[in-house]
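Colleague: I'd like a close look at one part of this model, and then whatever you can say about the rest. Here it is.

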Amino acid sequence: MSESQRVEVESLPLLPLRNSVVFPASVVPINVGRARSVRLVEDLMGQDRPIVGIVSQKDSELEEPSFKDLYTVGTMARVVKVIRLGPSNYSVVLHGLSRFSSIASLSLEPYMRARIERIREEHLRIPEIEALASSLREGTRRMLEIIPNLPRETASVLDNVKEAGTLADLIVSNLSSDQASVEEKQQVLEALEVRVRLGLVLGLVNRQLDRVRVKTEVSRMVEDEGQRQREEILRQQLKHIREELGEVGEEDDIEELRERVRLSSPPDEVYKVARKQLARLASMQSQSGEFNVTRTYVEWLSDMPWSKSTQDPIDVESTRRCLDEDHYGLQKVKKRIVEYMAVRKLRADKKGPILCFIGPPGVGKTSLGKSIARAMGRRYHRIALGGVRDEAEIRGHRRTYVGALPGRIVQGLKKVAVRNPVFVLDEVDKLGVDVSGDPSAALLEVLDPAQNNTFVDHYLDVPFDLSQVTFIATANNPETIPGALWDRLEVIEVAGYTRAEKKAIATEYLCPKQLSSHGLTDERLEFLPEGIERLIESYTREAGVRGLEREIGSVCRHVAMQIAEGNLNVSERADAAFVEKVLGAPRYQPDLAERTSHAGVATGLAWTPSGGDILFIEATKMPGKGGVVVTGNLKSVMGESAATALSFVRSRAKDLGLDPEFLKEIDLHLHVPKGGTPKDGPSAGITMYSAVASLLLQCPVKKSVAMTGEITLRGAVLPVGGIKEKLLAAHRAGIREVLVPFRNEHSLDDVPKDVLSDLKVHLIKRVDEVLPLVLEPPRETPPADSADL
């Protein structure tokens with residue numbers, strides 16, 4: 001290797017590993033518990049994006065190795081995340097960057113440190129290397145088909161990674177210790193020539209394929225021996241004899257069905273039904289339509305998990321660790337889930353409440369259910385209920401119909417093959433109703449722990465015990481969930497993320513995930529804090545992070561495209577300018593730019609199923625005879641709030657310094673922009689009052705103030721809902737002062753502290769307190785009517 005491919009680095013701390021090898025471009029978690037390693041991890045925790053050298057031990061039995069006990073070639077890795085598991089025990093997530101070679105040892109204490117040379121990767125596109133890479137891809141695809149326990153990420157690596165050297169590294173990193181030893185992986189790591197490296201990994205893959213082939217052949221030989229072989233030969237001879245005699249040979253199939261029913265160990269009631277149907281089946285002609293209907297029904301009975309279940313090794317600490325690994329923040333939600341798991345551990349009957357996660361899209365509701373299943377050691381199944389309008393989707397069709405099938409509950413149980421899985425009922429708020437029935441009504445029995453132990457699907461027509469199933473529902477809008485169904489759910493609100501939380505999620509989770517899925521490393525593309533902030537503020541406007549992940553993926557694809565086009569020396573830093581260059585002009589401008597200082601304009605706060613939002617309310621006047629117009633696609637409750645606000649202004653005209661007959665010679669027009677969106681609710685009362693008073697007094701409302709609250713004709717300010725989501729929206733929009741009802745003071749406990757520290761919150765009891773807080777001094781000359789928001 002030429003000198004230009006090595007770059008000298010002054011020094012680097014080393015983290016020795018016993019039984020594993022870390023490769024460039026891979027993201028792996030490791031456990032750290034040895035004294036030197038713990039000191040190193042605790043020292044790195046205080047640093048920003050620290051880098052460490054990962055080297056493997058020659059002898060895994062050594063507790064504290066010296067430099068001579070380590071291999072000289074290792075991997076430079078960035079520490080992505082550190083989780084404390086206990087005293088002197090950490091879980092560290094590493095992202096491999098590049099190879100290095102140790103050239104001199106510096107110190108052993110407090111942890112190992114050495115002088116190293118970074119090894120630059122070769123990027124050659126010659127026919128021999130391309131042919132080896134193609135053979136490696138094909139071999140790995142065959143291995144994925146016959147070895148089910150390989151990581152799922154291996155398939156995406158084959159499709160997305162274009163560089164041959166990186167492809168070999170990522171494939172060998174996904175092989176287990178049984179498939180490739182530490183010595184073999186280290187040999188691949190030390191193979192600096194891409195051609196040699198591809199040959200080594202291809203040899204490991206072919207060896208696995210040969211092992212599976214030999215194992216399959218041996219299994220077939222064993223199965224063909226002994227009594228089973230003799231019985232199979234006799235059955236085949238009997239079958240041929242019956243065919244020669246012209247007899248129909250369904251008896252074997254019926255006997256096989258009878259054995260399947262017996263092995264499924266159904267309850268006595270179900271077993272009697274199955275035996276009766278089998279007796280009918282034996283007396284039918286195979287050409288009749290009823291024969292196939294009955295046979296399919298018995299097969300469903302035999303495939304149901306009547307007695308099969310998984311063990312429940314519920315561990316509270318394991319649950320907490322799983323949630324922390326999969327989700328950032330959401331502390332109140334995690335606390336409630338850990339409490340739920342603790343109760344399930346103590347209760348012998350394993351029954352518990354039906355949890356329902358409610359929140360805007362993209363905040364992790366569905367993935368929380370998957371984390372719970374992983375923590376409980378149970379199988380996971382998701383049932384998408386969005387747009388379901390037919391009751392039979394839940395309870396199944398009766399067998400009298402052509403093409404009848406069981407409902408989604410029974411189909412899910414057959415798929416997971418156990419009676420105690422975790423079922424996530426996704427989007428329960430989007431169930432529909434039509435002439436086929438109400439599916440939400442069918443869910444009432446499913447989600448009632450006191451009744452679902454005898455759930456009867458219309459197709460099976462026998463009871464099945466659902467009490468062992470853990471049901472978790474998700475929804476965006478609680479208002480569309482029927483009351484009877486709502487009563488059966490224990491609601492856990494999953495609110496949106498703050499800007500700081502989004503930035504942390506992007507840095508620790510989304511960016512490494514997208515870089516790895518696109519076959520990139522930090523050397524190819526490094527996301528800087530200002531670049532992530534630009535993505536959050538100018539290209540996404542959401543309570544969750546789903547859109548943010550898509551935009552990060554767009555930036556990664558731009559760099560991947562450059563590499564695919566032949567530019568092998570790409571090294572980009574994703575700052576604000578680079579993000580704007582890749583994604584184009586910002587899609588969203590700061591909300592402060594949309595406000596003006598004109599009298600008659602006030603800023604309110606609204607709750608939507610997608611999270612909180614800010615709402616502008618405009619008022620204007622014109623010569624007339626006292627007419628009042630309200631526009632903006634307002635529904636009845638919000639229209640009544642506008643009437644109440646205007647009536648209150650008229651009743652307090654003298655106190656406000658207005659002519660009591662001010663409405664005699666003018667018309668008022670109250671408008672809420674974004675007329676394409678329906679709006680409803682009473683929480684805009686004080687905002688409408690402020691807009692009308694601002695117009696009539698010619699005193700603009702302060703730009704940095706937003707408000708929410710319902711008003712009464714007596715001047716009281718009543719509490720409203722969605723305070724947390726509304727304050728998060730105000731914080732995103734750059735609001736500095738917020739007016740909320742006094743009786744909502746308890747709701748402020750749910751608002752993140754970093755958001756409250758940036759906001760000045762005024763608690764309002766009476767409407768009379770509003771105007772002194774929100775109005776600026778009156779203008780000498782009113783602004784031109786042509787100005788607009």
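Leaving aside its neighbours within four places in sequence, which residues is S371 in contact with?

Modeller: Quick caveats before the answer. This is a predicted model, so local features need pLDDT of at least 70 and side-chain atom pairs count only at pLDDT 80 or more, while totals for chains, interfaces and linings use all residues. Residues are numbered from 1 along each chain as its sequence is written, and side-chain values use heavy atoms, with hydrogens and water left out.

Now your residue. Setting aside neighbours within four places in sequence, S371 is in contact with C322, L323, D326 and H327, where contact means heavy atoms within 4.5 Å. S371 sits in helix α13, residues 365-376; helices here are DSSP runs of H or I with at least four residues, strands are runs of E with at least two, and both are numbered from the N terminus. With a relative accessibility of 2%, S371 counts as buried. The cut-offs are under 20% relative accessible area for buried, over 50% for exposed and partly exposed in between, using a 1.4 Å probe and protein chains only.

Among contacts in the protein with a separation of 6 or more, 76% are accounted for by residues 24 or more positions apart. The protein has 789 residues, of which 47% count as buried, and its secondary structure comes to 26 helices and 24 strands. Its C-alpha trace spans about 105 × 85 × 50 Å along the principal axes.

On the α19 side the contact is made by E530, G531, R534 and L535, and on the α21 side by A576, V579, E580 and L583.

Most residues other than glycine have a negative phi, and most peptide bonds are trans. S265 is not a glycine but has a positive phi of about 50 degrees; it lies in the loop between α8 (251-263) and α9 (268-282) and is partly exposed at 41% relative accessibility. D461 also has a positive phi, near 60 degrees. Its place is the loop between β10 (455-456) and β11 (463-464), and it is partly exposed, with a relative accessible area of 49%. Then there is the peptide bond from E109 to P110, which is cis, with omega near -5 degrees; P110 is in the loop between β5 (89-107) and β6 (113-119).
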